[in-house]
Each structure stands twice: as C-alpha cells, then as structure tokens.
Amino acid sequence: MHRFANPTRFLRIANAVLPWCVSLTAVLFVLGLGWGLFFSPPDYQQGETVRIMYVHVPAAWMGLFIYGVMAVASAVGLIWRHPLAELTAKAAAPIGAAFTFLSLVTGSLWGKPMWGTWWVWDARLTSMLILLFLYIGYIFLWDAFDDPQRAAKAAAILALVGSVNLPIIKFSVDWWNTLHQPASVVTMQGPKIDSAILWPLIVMALAFKAFFVSVLLVRIKAELAERKLRIMRLNQVARENSRLGAAQAGAES
Amino acid sequence: MSEFFDMGGYAAFVWPAYGIVLLVLGVLALRSVQHLRRAERELAALQALNPRRRRSRQGKGG
C-alpha cells in the first residue's frame, strides 16, 4: 500500500486511470438511465414510482459507502500521519454529502405517493439525516482551522466518532418499527427482488460508484495541488523574510 | 410517448427525482474540475516565478 501512498506515484496512477473511469461512468449512466426509465417494468404494487428506486437506493448505498471510505482514510491519516489519506477523506466528504442529500430527496419524492407523506421521523430517515449532518459538520470542521494539520486531526476524530451511525442506519429497519421497507437486496438469503428490477438497480449502483471514483480522483488531485501551493507560498514568505532580515542586519552594522 | 412522460400518473415524482440526481451530480463534477483547473493554474504561475526552486533530481513531479 505504501507504494501508492507517495503523491507523485499516486498522481501518475490517477492520471492513467481517470480517463477510463470517466468513460465508464458515462457508459454506465446511459445504460442505467435507459434501463431504469424505459425498459424495466412497473412494479405491481408501486407502479411507475418504483423507478425512483434506481436512483434512491444506490444514492443511499453511496452515502454509507463513502462515509466508510472517509472513516478508514481518516483512521489511516490519524495513525500514520499520512497526508494523502487525510486529503482522500477531505476530498470524499462533499461527494458523500451529495449522495446522502440525494437519497433523502428522492426518498421524499417516493414517500409522498407511496406513504402519503414527504417525511416521517422514524429511525431510518432520522439516522440518514444525521449522516448528512455529519458530512456537513466534517466539511465545516476542515475550514474552521487555519492550521491544516490540526484541521485534519479534528475532522478525522469527528469522522471516526460518527461512524457509529453506519450500523445504526443499516439495521434501523430491523430494530425499530418504520414505514421504510426492510432490506431486500443485501440480505442473508440473497436478493429478494425480481431480476427485472435488480439488474437496472445494479447498473445504476455501478454508475454511481464509477462517478464517485472519477470525481474523487479529480478532487484529490486538486487537494494535492492546493497543498503544494500552500507550501510554496510559505517558502516564498520565509525567503523574503530572511532576505529582509539580512538586509536589515547589513544596514545596522 | 406521452404515456412514457406521464409515468402512470406519477410524473410529478419520478421526473423530479431523476432531475435532481443529474443536477446535483453534474454541479458537483463541474465544480470539482473547476477547482482542479484553478489550483493547477495558480501552481504553474508560482512555479514559473521561481524556476530555480525546482530540483532537477525530482523530475516533473515532486
């Protein structure tokens, strides 16, 4: 792993992988949207609203998955003080927040026609809302410190403490009474939904995953460039100060 | 075709759901690329100011 952790090597690999990821994202999006909107059948109970599932469920999965990525990267950054891990966590947060927000909005748009309400304060929806607040808190915490090292540490601790929420979200539909339907894809008995709707769901999930990798690589590259900029500017200020100091010392003697 | 856009009477829910997904993901991707371009532009400008700062041993990266 440490071979990939060198920023120079990381950039070389990222630049080689990125065009493939972007192409894959585009192909999977066209395939998933076409399948989900045109070719998949309406549900016998939920009618055409079942199509919302093809964006709602993968968005929720990504919200959880990206938080997991962020928590692991934060732990690595905290333990080994690795800047690339810290920047990966920082770069992932807005993408995770976007997917969590989308899962809440699309869920609301699905809940209104099916449950008769936009929102209920039940365990699944509330724990998902808390996930969104954790992402937002994490993003603001990075900006709250002038010193990036202290910001990275504080944000990493928040990310790790917040990861308690992940199993609560996953099992909330089993532990508490809720309007939300129980797990039907990732269960101990395998998927419980028909393959006619399972396949477009999987394709959309892969499209979201490829999108995440593409945007994550772009954001990490931007963070690395920003970090280098900051270091160069600090060096420049230090050089100017020492030149000024030398000139002053020369004038005094 | 109008049947397709009608979404079995649920057009008001299905289309906004897909619309907001594409909008949010599109804006996120666009802003991420813009951020990268800006950072790379500033970096190139700063490196052009201090060419002798770059150690030849490290090559292009560093």
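Modeller: Start with A:Glu86, which is buried, at a relative accessible area of 17%. Keep in mind that this is a predicted model.

Biologist: What does the side chain of A:Glu86 meet in a salt bridge?

Modeller: The side chain of A:Arg81, at 4.0 Å from N to O. A:Arg81 is partly exposed, with a relative accessible area of 45%.

Biologist: Why is A:Glu86 classed as buried?

Modeller: Because its relative accessible area is 17%, and the cut-off for buried is under 20%.

Biologist: How many salt bridges are there over all chains?

Modeller: The structure holds 4. One of them pairs A:Arg51 with A:Glu48, at 2.8 Å from N to O.

Biologist: Are A:Arg51 and A:Glu48 buried or exposed?

Modeller: A:Arg51 and A:Glu48 are both buried.

Biologist: And between the chains, how many salt bridges?

Modeller: The count between chain A and chain B is 1. A:Arg233 forms it with B:Glu42, and the closest N and O atoms are 3.3 Å apart. The pair joins two chains, because A:Arg233 lies in helix H8 of chain A and B:Glu42 in helix H2 (residues 11-49) of chain B.

Biologist: How accessible are A:Arg233 and B:Glu42?

Modeller: A:Arg233 is partly exposed, with a relative accessible area of 41%. B:Glu42 is also partly exposed, with a relative accessible area of 33%.

Biologist: Why would such side chains pair at all?

Modeller: Side chains of opposite charge can pair when their charged atoms come close.

Biologist: How many residue pairs are in polar contact between chain A and chain B?

Modeller: There are 4 such residue pairs, counting those with both residues at pLDDT 80 or more.

Biologist: Which elements of chain A give two or more residues to the side that touches chain B?

Modeller: Helices H2 (7-39), H3 (53-80), H4 (83-115) and H8 (195-252) of chain A. H8(A) gives the most, with 17 residues.

Biologist: What is that side made of, by class?

Modeller: The side of chain A that touches chain B has 26 nonpolar, 7 polar and 10 charged residues.

Biologist: How many residues does the contact take from each chain, and what area is buried?

Modeller: The contact takes 43 residues from chain A and 35 residues from chain B. The area buried between the two chains is about 3,500 Å², and carbon and sulfur atoms give 77% of it.

Biologist: Switching to chain A by itself. How many helices and strands?

Modeller: Chain A has 8 helices and 0 strands.

Biologist: What about its radius of gyration?

Modeller: Chain A has 23 Å, whereas a compact globule of 253 residues would have a radius of gyration near 18 Å. Along the principal axes, the C-alpha atoms of chain A fill a box of roughly 90 × 40 × 30 Å.

Biologist: How much of chain A is buried?

Modeller: Buried residues make up 47% of the 253 residues in chain A. Among contacts in chain A between residues at least 6 apart in sequence, 75% join residues at least 24 apart.

Biologist: Last one, A:Ser74. Where does that residue lie, and what does it touch?

Modeller: A:Ser74 lies in helix H3 of chain A. Leaving out residues up to four places away in sequence, A:Ser74 touches A:Ala89, A:Tyr138, A:Ala156 and A:Ala159. A:Ser74 counts as buried, at 3% relative accessibility.

Conventions. Residues numbered from 1 in each chain as written. Chains lettered and ligands numbered in written order. Predicted model: local features only at pLDDT ≥ 70, side-chain atom pairs only at ≥ 80, totals over all residues. Heavy atoms only, no water. Contact = heavy atoms within 4.5 Å. Buried area = accessible area lost by both parts, 1.4 Å probe. Polar contact = N/O pair within 3.5 Å; in protein donor to acceptor, adjacent residues only side chain to side chain. Helix = DSSP H or I, 4+ residues; strand = E, 2+ residues; numbered from the N terminus. Nonpolar A, V, L, I, M, F, W, Y, C, P; charged D, E, K, R; others polar. Rg over C-alpha atoms; globule rule 2.2 N^0.38 Å. Buried < 20%, exposed > 50% of the residue type's maximum accessible area, 1.4 Å probe, protein only.
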